[in-house]
Each structure stands twice: as C-alpha cells, then as structure tokens.
Amino acid sequence: MADITYVRTLSRFAYTAFVTDVYSRKIVGVATRSTMRTDALPMEVLEQKL
C-alpha cells in the first residue's frame, strides 16, 4: 500500500510518501520533499523498496 501526505511546518509544507507492507504492517519505504512533484516522490519510495 502507498500513500502521499503533507505536514505543515513553521515555514512551509513537507510532503511525505511511504510504502507499507500490508502483510507485516511495516513501513518499508519513505521519502520526504519540500515540493509535491507526483512524478518524482512516489518513484523514489518505490525504488527504495526494491
């Protein structure tokens, strides 16, 4: 399972994407960026997972 979310910080937003192993319920990949580029952030997490 994968998700992209954002967190408001003091200066701006931080965008986080993560991949969760559904069987073990563990986070297996995570990436955080200051911009929400949907072509880069999810791919970075998937590459980390592999």
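This is a guided tour of a predicted model, taken one selection at a time.

Because the model is predicted, local features are given only at pLDDT of at least 70 and side-chain atom pairs only at pLDDT 80 or more, whereas totals for chains, interfaces and linings use all residues. Residues are numbered from 1 along each chain as its sequence is written, and side-chain values use heavy atoms, with hydrogens and water left out.

**The whole chain**

Begin with everything displayed as a cartoon, where the protein shows 1 helix and 3 strands, the elements running β-β-β-α from the N terminus on. Helices (H or I, at least four residues) and strands (E, at least two) are DSSP runs, numbered from the N terminus. Of the 50 residues in the protein, 22% are buried, where buried means under 20% relative accessible area, exposed over 50%, and partly exposed in between (1.4 Å probe, protein chains only).

**The sheet**

Next select the strands, which form an open sheet of 3 in the order β1-β2-β3 with antiparallel pairing. The edge strands are β1 and β3, each of which pairs on one side only, and the twist averages 25° from one strand to the next; axes here are lines fitted to C-alpha atoms, for helices over the stretch in contact, and angles run from 0 to 180 degrees between N-to-C directions. Two strands are said to pair if DSSP finds at least two bridges between them.

Take β1 (residues 2-8) with β2, and you will find 7 bridges joining the two antiparallel strands, with a hairpin of 4 residues leading from β1 to β2. Then move to β2 and β3 (residues 26-33), which pair in the antiparallel sense over 7 bridges; within this pairing, Ala17 has Ala31 in β3 as its bridge partner.

Zoom in on Arg25, found in the loop between β2 and β3. The hairpin of these strands has 4 residues between them, and Arg25 takes a positive phi near 60° there, although Arg25 is not a glycine. Most residues other than glycine have a negative phi. Arg25 counts as exposed because its relative accessibility is 73%.

**Two threonines of β2**

Select Thr16, placed in strand β2 and standing opposite Thr5. Thr16 counts as buried because its relative accessibility is 16%. Leaving aside neighbours within four places in sequence, Thr16 is in contact (heavy atoms within 4.5 Å) with Asp3, Ile4, Thr5, Val30, Ala31, Thr32 and Leu41.

Thr20 is found in strand β2 and is buried, with a relative accessible area of 16%. With neighbours within four places in sequence left aside, Thr20 is in contact with Met1, Arg25, Lys26 and Ile27.

**The nonpolar core**

Now show the side chains of Tyr15, Ala17, Val19, Ala31, Leu41 and Val45, the 6 residues of the largest nonpolar core. Such a core is a set of buried Ala, Val, Leu, Ile, Met, Phe, Trp, Tyr and Cys residues joined through side-chain atoms within 4.5 Å. At least two residues of this core come from each of β2 (13-21) and α1 (41-49), and β2 provides the largest share, with 3 residues. Centre the view on Val45, which touches Ala17, Phe18, Val19, Gly29, Val30 and Ala31 when residues up to four places away in sequence are not counted.

**The aromatic cluster**

Finish with Tyr6, Phe13 and Tyr15, which form one aromatic cluster. The structure holds 2 aromatic pairs; rings of Phe, Tyr and Trp (its six-membered ring) pair if their centres lie within 6.5 Å, and planes under 30 degrees apart count as stacked, over 60 as edge-to-face and the rest as tilted. Tyr6 and Phe13 form an edge-to-face pair, 5.3 Å centre to centre with 80° between the planes, while Tyr6 and Tyr15 form a tilted pair at 6.4 Å centre to centre with 50° between the planes. Along the strands, Tyr6 stands opposite Tyr15 in β2. Tyr6 is exposed, with a relative accessible area of 54%, whereas Phe13 is partly exposed, at 34%.
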